[in-house]
Amino acid sequence: MKAAVMRANNAPLELEDVQIDAPGPGEVLLKTAASGICHSDLTVIEGGLPFPPPCILGHEPAGVVEEVGEGVGDFAPGDHVIGCLTSFCGVCRFCTGGRPYLCPTQFAGRPEGAKPRLSAGNGDPIGQFANLSSFAERMLCPERSLVKIRPDMPLDRASLIGCGVTTGLGAALNTVHIPAGASVAIIGLGGVGLAALQGARIIGAGKLVAVDAKPWKFDLAQKLGATDCVDATDGDPVAAVHELTGGGADFVFECIGLVPTVQQAVAMTGRGGTTVLVGVVPMHLQVPISASDLTLQEKKITGSYMGSNRFRFDMPKYIDFYLDGRLHLDEMISSRIGLEEVNEGFDRIRKGEVARQVIVFD
Ligand code: APR
Ligand code: ZN
Ligand code: ZN
């Protein structure tokens, strides 16, 4: 099958013919229908999230089941599915305690010594990213990385739910509890931030302020529910959010993962408010913040990982939101491209020219 392989950090992905194994026990072979390109794939390419090459990235997929391995009861050939990187074991204290997205085994692949799921033409193993690797025509996944979805859901839009939409929407709907009318600021209007914005709208936020460095995004943000927009390159965005919200927002979602915007997020949070860190700051960086601000104004900071998802419960619900008109996904897709255009896709993300790009397979 054709796949885009990361052979080295900070280099273009290479289109190669790759071998994919047959499904083993508990595994499902999928024909990939669509895969969104997420900023976190770029973070891996740039070394901010460590994952050794050679490997196949892509972790925002939707596809169709082709074949199931021994003991797979939840899926059958022809089923439409979304893949999610937070695979769950089902028995640990996080899974049984209702937070399966924190399952410590989520990135465990096949047992040590087993044949690799993916390998190069010469037989050398190729790493599978997050049990998914969706920049490829086929995917071999644990069944516990997948959820079956309604067959009437278009698969290109379904793919967005695999990571960005679940991450942003879930940050607003699951990680924190936003009371109706609360003021919310969103920093960063990529796939993740636009989904957080929609989550805040769906849950009934009052003032909903969208902050980005690319003003062309503001039309889109307003269509998706923003009441006000702040150009981060035009004056001080912290002062602007304080002005619009009467002293700082009740909830601020940082959806980029940069040191200065994390600091801005804390500063934009009002007295008694909550900062939600959604964007992943490269692992080697630290962020200085004012601890006395947290104490004296009782601000809270929380991380939000993958929208605090229980994806088999959440994703079908998000699809219902889309199909009944409450979640807007069509507007979030800037372009549909072929796999051979993936490197140009990453260039467009680097330049901030796009909301979400989706790779579609025939
Ligand atoms: N101030 C304001 N906005 C900025 C700034 C800045 N200094 N720098 C970048 N942005 C905006 C970009 O213009 C873009 O709209 O942040 C947005 C980031 O969007 P994407 O690159 O599409 O990223 P996305 O896929 O949404 O992921 C965001 O969430 O999943 C995590 O860690 C992951 O870094 C990723 C983050
Ligand atoms: Zn992602
Ligand atoms: Zn578990």
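Here is a walk through this structure, one region at a time. The model is predicted, so local features are described where pLDDT is at least 70, side-chain atom pairs count only at pLDDT 80 or more, and totals for chains, interfaces and linings use all residues. Residues are numbered from 1 along each chain as its sequence is written, chains are lettered from A and ligands numbered from 1 in the order in which they are written, and side-chain values use heavy atoms, with hydrogens and water left out.

H59 sits in the loop between β5 (55-56) and β6 (61-68), while C163 sits in the loop between α3 (155-161) and α4 (164-175), so the pair ties together parts that are 104 residues apart in sequence. As for the labels, helices (H or I, at least four residues) and strands (E, at least two) are DSSP runs, numbered from the N terminus. H59 and C163 are both buried. Buried means under 20% relative accessible area, exposed means over 50%, and partly exposed is in between (1.4 Å probe, protein chains only).

Of its 12 residues, 11 are buried, so α4 is largely enclosed by the rest of the structure. Among the buried ones are G164, T167, L169 and N174. What do the buried residues of α4 pack against? Their partners are α3, α5 (191-203), β15 (249-254), α10 and β19 (356-360). Contact, here and below, means heavy atoms within 4.5 Å.

Most residues other than glycine have a negative phi, and most peptide bonds are trans. P53 and P54, though, are joined by a cis peptide bond, with omega about -5°. P54 belongs to the loop between α1 (39-45) and β5. S133 is not a glycine, yet its phi is positive, near 55°. You'll find S133 in the loop between β9 (127-128) and β10 (138-142), and at a relative accessible area of 2% it is buried. M306 has a positive phi too, about 50°. M306 is in the loop between β17 and α10 (311-323), and its relative accessible area of 6% makes it buried.

Now for a lysine. Is K299 buried or exposed? With 7% relative accessibility, K299 counts as buried. It lies in the loop between α9 (291-296) and β17 (300-303). A polar atom of the K299 side chain is 3.0 Å from the backbone oxygen of T269. Setting aside residues up to four places away in sequence, K299 touches V266, A267, T269, G270, G273, D293 and L294.

M268 lies in helix α8 (residues 259-268). M268 is buried, at 0% relative accessible area. Beyond residues up to four places away in sequence, those it touches include I187, V211, P237, H242 and V252. From M268 to A226 it is 42 residues in sequence and 16 Å in space, C-alpha to C-alpha.

T227 is in the loop between α6 (217-223) and β14, and D228 is in strand β14 (residues 228-231). T227 is partly exposed at 41% relative accessible area, whereas D228 is buried at 16%. Leaving out neighbours within four places in sequence, T227 is in contact with G206, K207 and L208, and D228 with K207, L208, V209, A210 and L244. The C-alpha atoms of T227 and V209 are 6.0 Å apart, though 18 residues separate the two along the chain.

Terms used:
A polar contact is a pair of N or O atoms within 3.5 Å; within protein, one must be able to donate a hydrogen and the other to accept it, and residues adjacent in sequence count only if both atoms are side-chain atoms.
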